[in-house]
Amino acid sequence: GKMDVAGNVLTQMPSLGADPDGYSFSMVINGHAKRGEVAQAEAWLRKMPDGMVNSMTYHGIIAALLEAGLQEEAMGFLKRMKHEGVAPSPKTTRLLLDLFDPAG
């Protein structure tokens with residue numbers, strides 16, 4: 001599918017003289033997450049070079065998991081962010097706070 005093509009492009013970028021950045025990786029990771037392909041998103045997250053992971057990367061995964069009703073998995077990624085020293089963005093914080101808002 002389209003995400004496989006995106007992954008192939010990302011993999012081939014260095015041979016084309018363009019190094020993928022955090023934004024490139026985040027787009028592929030978040031694309032998989034939005035399709036419910038958590039394992040693929042995690043696989044790309046592991047391939048992402050040190051120092052490139054940012055709050056945008058995690059926001060997409062957490063938002064997709066919460067939308068799919070996978071709150072426990074989303075909280076696991078929040079813990080992983082903390083472990084890696086990545087602070088959640090204000091948008092991510094809002095998503096997580098909405099979980100506990102009784103007014104919904």
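**Close-up 1. Surroundings of H59 in the predicted model.** Leaving aside residues up to four places away in sequence, H59 touches S89, K91, T92 and L95. The model shown here and in the following views is a predicted one. H59 itself is found in helix α4, which covers residues 55-67. With a relative accessible area of 17%, H59 counts as buried, because that value falls under the 20% limit used for this class.

**Close-up 2. The crossing of helices α1 and α2.** Helix α1 (residues 2-12) and helix α2 (residues 22-34) have axes that come within 10 Å and cross at roughly 160 degrees. Because an angle over 145 degrees counts as roughly antiparallel, α1 is described as roughly antiparallel to α2. The crossing of these two helices, α1 and α2, is left-handed. On the α1 side the contact involves M3, A6, G7 and L10, and these meet S24, F25, M27, V28, G31 and H32 in α2.

**Close-up 3. The salt bridge between E42 and R80.** The structure holds three salt bridges, and this view shows the one in which the side chains of E42 and R80 meet, at 3.6 Å from N to O. Since E42 lies in helix α3 (residues 38-47) and R80 in helix α5 (residues 71-84), the pair ties together parts that are 38 residues apart in sequence. Both partners are partly exposed, E42 with a relative accessible area of 26% and R80 with one of 24%.

**Close-up 4. R80 and E84 within helix α5.** R80 also forms a salt bridge with E84, in which the closest N and O atoms are 3.6 Å apart. The two residues R80 and E84 both lie in helix α5, where they are four residues apart, or about one turn of the helix. E84 counts as partly exposed, its relative accessibility being 39%.

**Close-up 5. D98 and R94 within helix α6.** The side chains of D98 and R94 meet in a salt bridge, with a distance of 3.0 Å from N to O. Because D98 and R94 are four residues apart in helix α6 (residues 90-99), about one helical turn separates them. R94 is exposed, with a relative accessible area of 54%, whereas D98 is partly exposed at 35%.

Key. Residues are numbered from 1 along each chain as its sequence is written. This is a predicted model: local features need pLDDT of at least 70, side-chain atom pairs count only at pLDDT 80 or more; totals for chains, interfaces and linings use all residues. Side-chain values use heavy atoms; hydrogens and water are left out. Buried means under 20% relative accessible area, exposed over 50%, partly exposed in between (1.4 Å probe, protein chains only). Contact means heavy atoms within 4.5 Å. Axes are lines fitted to C-alpha atoms, for helices over the stretch in contact, and angles run from 0 to 180 degrees between N-to-C directions. Angles under 35 degrees count as roughly parallel, over 145 as roughly antiparallel, 65 to 115 as roughly perpendicular and the rest as oblique. A crossing is left-handed if the near helix is turned anticlockwise from the far one by less than a right angle, and right-handed if clockwise. A salt bridge is a side-chain nitrogen of Lys or Arg within 4 Å of a carboxyl oxygen of Asp or Glu.
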